[in-house]
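Colleague: I have a new model on my screen and would like to learn how to read its features. Please take me through them one at a time, with the general idea ahead of each case.

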Amino acid sequence: MTMKRALIIDDEPDIRELLEITLGRMQITTDAAANIAQAKSHLNCNHYDLCLTDMRLPDGSGLELVEYIQQQHPGLPVAVITAHGSIDTAIESMKAGAFDFISKPVDLATLRRLVNTAIESAQLPPQEPPQTTPIIGHSKAIQDLIRSIQKLARSQAPVYISGESGSGKELVARSIHDLGPRSSKPFIAVNCGAIPRELMESEFFGHKKGSFTGAHQDKTGLFQAAEGGTLFFDEVADLPIDMQVKLLRAIQEKSVRPIGAAEEITTDVRILCATHKNLEKEVAEGRFRQDLFYRLNVIQLAVAPLRDRKEDIPLLTQHLLQKLATEIGLPTPHLSPAAQKRLEEYHFPGNVRELENVLERAFTLCDSDTIEAEDLQLRGSTNSIRPVIEAGQLPGSQTPARNNTVDYPARCAEYPSLDEYLQDVEKEILCSALEQARWNKTLAAKHLGISFRSLRYRLQKLGLEDE
Ligand SMILES: Nc1ncnc2c1ncn2[C@@H]1O[C@H](COP(=O)(O)OP(=O)(O)OP(=O)(O)O)[C@@H](O)[C@H]1O
Ligand SMILES: [Mg+2]
């Protein structure tokens with residue numbers, strides 16, 4: 001293995017020396033510069049594997065150097081050294097493309113970890129072709145998403161993944177982890193809405209034996225379990241306020257304290273998060289802390305709803321059917337042209353997850369190796385009822401209602417009676433809500449704004465549930 005080479009930029013000779021000695025002990029050759037001009041001339045003459053720069057330099061800001069490197073040496077990982085407590089600068093530099101930051105006074109163990117991660121990320125194969133991600137789709141939205149993921153995978157910056165239910169947020173989080181330097185370490189997804197409140201702190205940070213009634217032995221928290229890897233906070237909007245404060249602290253200090261422990265433990269974890277809720281709105285309405293949002297949302301990735309990238313439906317269908325068929329050892333079924341058309345017309349409030357469910361059900365129902373339009377059971381549920389669904393405020397449908405172009409009388413004329421048409425619409429709304437709530441009726445009723453009993457009554461009436 002050839003010696004790695006790093007460029008260190010700081011105007012304080014003591015810090016330069018400390019960094020040079022530390023990296024030297026890690027078998028890394030170093031060059032040092034005291035200002036931006038010197039740094040640029042080094043960058044133009046030599047090849048580097050890593051660059052570490054102070055933020056405040058005599059002839060400008062480290063940010064300028066981060067931007068210069070993005071332009072001139074895009075593969076070179078650059079980390080910034082920030083003054084203690086100046087998290088704003090750290091965030092700004094990561095937005096500009098720095099892969100990580102370290103704050104003063106520099107903790108040597110943290111520095112060594114940062115350097116190792118940078119070197120591993122520089123060794124990743126250059127720009128893998130998009131086929132290597134499991135994210136299917138040839139729409140521009142998906143291709144852009146895949147490119148962003150590949151770029152972001154090398155960075156350590158927190159990423160906030162937004163998108164409707166079932167649109168693929170967790171898949172995106174996994175891909176960021178899998179394509180980055182942490183891929184050999186754990187990826188841990190935490191559903192923030194599913195952990196009982198009273199257990200949350202111990203789940204996140206761990207506890208010491210005897211620290212509270214029932215703590216019979218030491219417990220490792222999620223931060224420690226994910227050490228060196230990635231923690232994905234799913235449904236992050238569901239975190240109670242007191243946990244938001246604790247999480248903020250853990251992210252800021254890069255350390256956690258298990259309940260009952262005397263000492264803090266430093267952690268090295270990349271943080272990703274997602275929610276189908278509108279987090280900006282949660283902040284505006286006081287349910288989510290602004291400061292935590294600011295730290296989680298260093299980089300935002302939006303996953304487009306399936307209805308806005310319909311051209312992906314055939315490819316996704318093909319992929320999902322193949323997967324289903326392989327699982328049960330049967331030949332992959334085909335879709336009749338009418339079935340294909342039906343799928344492309346459907347609104348998919350539950351996005352790719354709903355497509356998966358629809359196909360699985362159709363696969364089970366179809367008699368031959370061809371799935372017919374009827375097998376999809378999407379009767380009356382084409383685009384035309386979309387405004388009805390949106391008006392029903394289904395979870396995850398944050399898209400503002402569009403032009404209401406539905407000709408209800410014309411749609412209704414396709415049915416024997418108004419009652420049957422309305423029943424179909426109701427059925428569709430209830431099924432979508434159930435699918436989005438993963439068939440949890442209590443949750444579905446809550447999202448629909450009706451009582452559990454009323455939901456059951458309606459399901460029974462429509463023949464969707466046994467008496
Ligand atoms: N572009 C895609 N290519 C292939 N599979 C996909 C794609 N998008 C989503 N999926 C699949 O659809 C399902 C739902 O995706 P995922 O769980 O990532 O969505 P989500 O946005 O996290 O949903 P939820 O809000 O319900 O948690 C998964 O099985 C996932 O593998
Ligand atoms: Mg999810």
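Modeller: Happy to! Let's begin with accessibility: a residue is buried under 20% relative accessible area, exposed over 50% and partly exposed in between (1.4 Å probe, protein chains only). This is a predicted model, where local features need pLDDT of at least 70 and side-chain atom pairs count only at pLDDT 80 or more, while totals for chains, interfaces and linings use all residues. Residues are numbered from 1 along each chain as its sequence is written, chains are lettered from A and ligands numbered from 1 in the order in which they are written, and side-chain values use heavy atoms, with hydrogens and water left out.

Colleague: How does Gln 377 count by relative accessibility: buried, exposed or partly exposed?

Modeller: Gln 377 has 46% relative accessibility, so it counts as partly exposed. It is in the loop between β18 (370–371) and α16 (386–391). Those labels come from DSSP runs, numbered from the N terminus: helices are H or I with at least four residues, strands are E with at least two. The backbone deserves a look too: phi of Gln 377 is near 55°, a positive value in a residue other than glycine.

Colleague: Where is Asn 351, then?

Modeller: Asn 351 is placed in helix α15 (residues 351–365). Its phi is also positive, near 55°, again in a residue other than glycine. Asn 351 counts as buried because its relative accessible area is 0%.

Colleague: Next, annotations. What does the UniProt annotation say about Asp 54?

Modeller: UniProt positions are given in the numbering used here, feature names are shortened, and annotations may be inferred rather than shown by experiment. In this case an unreviewed UniProt entry carries "modified residue: 4-aspartylphosphate" at Asp 54. The model places Asp 54 in strand β3 (residues 50–54), and its relative accessible area of 4% is why it counts as buried.

Colleague: Which residues does Asp 54 touch?

Modeller: Contact means heavy atoms within 4.5 Å. Leaving out residues up to four places away in sequence, Asp 54 touches Ile 9, Asp 10, Asp 11, Gly 62, Ile 81 and Lys 104. Follow Lys 104 along the backbone: its peptide bond to Pro 105 is cis, with omega near -5°. Pro 105 is in the loop between β7 (100–103) and α5 (108–123).

Colleague: And what does Ser 93 touch?

Modeller: With the sequence neighbours up to four places away left out, Ser 93 touches Met 55, Leu 63, Val 66, Val 80 and Ala 98. Ser 93 is in helix α4 (residues 87–96), and it counts as buried because its relative accessibility is 0%.

Colleague: Now sheets. In what order do the five strands of the open sheet come?

Modeller: Strands of a sheet pair through backbone hydrogen bonds, either parallel or antiparallel. Here two strands pair if DSSP finds at least two bridges between them. The order is β9-β12-β15-β8-β16, with parallel pairing. β9 (187–191) and β16 (299–302) are the edge strands, each pairing on one side only. From one strand to the next, the twist averages 20°.

Colleague: How many bridges join β12 to β15?

Modeller: Five. One residue links the pairings: Asp 234 is the bridge partner of Asn 191 and stands opposite Ala 274 in β15. On to the next pairing, four bridges join β8 to β15, where Val 159 stands opposite Leu 272.

Colleague: How should I read the faces of β15?

Modeller: In a regular strand the side chains alternate between the two faces of the sheet. In β15, Arg 270, Leu 272 and Ala 274 on one side and Ile 271, Cys 273 and Thr 275 on the other are all buried.

Colleague: My last topic is helix packing. At what angle do α19 and α20 pack?

Modeller: Axes are lines fitted to C-alpha atoms, for helices over the stretch in contact, and angles run from 0 to 180 degrees between N-to-C directions. Under 35 degrees is roughly parallel, over 145 roughly antiparallel, 65 to 115 roughly perpendicular and the rest oblique. Helix α19 (residues 441–448) and helix α20 (residues 452–461) pack at about 100°, with axes 9 Å apart. The two helices are therefore roughly perpendicular to each other. Lys 441, Thr 442, Ala 444, Ala 445 and Leu 448 in α19 meet Phe 452, Leu 455 and Leu 459 in α20.
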